Amino acid sequence: MGPPRLGCGAAILDGAGRMLLARRLSEPEAGCYGLLGGKIEPGEAARDAILREIAEEIGVRLELQGFLCAVDLILPGGIHWVSVVERARIASGTPEIREPDKLADLGWFARDALPQPLTQAAIAAVKALDG
């Protein structure tokens, strides 16, 4: 097993408390609905990575509202991800998939009616939001 990879994500909520989720088309966790986010590049701050990744994936600018949780994901085959998740809201723009090879089925979901299956990061974010 190599060193952990560093990831980031955002639990993006609207005014009604719904979460913005997308179905992943690539591994890890292909086919699961999850938070938007991605990889932290060397020398990049986690918060900057979140803002960059979300802009690339769905074309919006976020307002980050603080640390929500960390996700420690160890997958079969020795792949290990540690991801920082921030709570966020959309500051400007309309979310639309800009990376159709990676994401599908982007939508707002009430926390009591989330699509299944969820990624481990989405599960951890929901637990952290529900306290």
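Trainee: In which sense do strand β1 and strand β6 pair?

Mentor: The model is a predicted one. In it, strand β1 covers residues 5-12 and strand β6 covers residues 79-92. Cysteine 8 stands opposite valine 84 in β6. Eight bridges join β1 and β6, and the sense of their pairing is parallel.

Trainee: Why is one side of β4 and of β5 left without a neighbour in the sheet?

Mentor: The sheet is open and mixed in its pairing, and its four strands follow the order β4-β1-β6-β5. One side of β4 (36-39) and one side of β5 (61-75) lack a neighbour in the sheet because each of these strands stands at an edge, with a single partner strand.

Trainee: At about what angle does helix α1 run to β4?

Mentor: Helix α1 is formed by residues 46-58. This helix lies across β1, β4, β5 and β6. Its angle to β4 is about 120 degrees.

Trainee: Which strands does helix α2 touch?

Mentor: Helix α2, residues 120-130, packs on the sheet. Its direction makes about 120 degrees with that of β5. The strands that α2 touches are β1, β5 and β6.

Trainee: Which element gives the most to the lining of the largest pocket?

Mentor: The largest pocket has a volume of about 540 Å³. Of the 27 residues that line this pocket, the closest to its centre include Gly37, Gly38 and Lys39. Two or more lining residues come from each of β1, β4, α1, β5 and β6. The element that gives the most, with four residues, is β4.

Terms used
Residues numbered from 1 in each chain as written. Predicted model: local features only at pLDDT ≥ 70, side-chain atom pairs only at ≥ 80, totals over all residues. Heavy atoms only, no water. Pairing = 2+ DSSP bridges. Contact = heavy atoms within 4.5 Å. Axes fitted to C-alpha atoms, helices over the stretch in contact; angles between N-to-C directions. 1 Å grid on protein atoms, 1.4 Å probe; cavity = no way out; pocket = protein on both sides within 12 Å on 5 of 7 lines; lining within 4 Å. Points joined across faces, edges and corners; volume = space filled by probe spheres on them.
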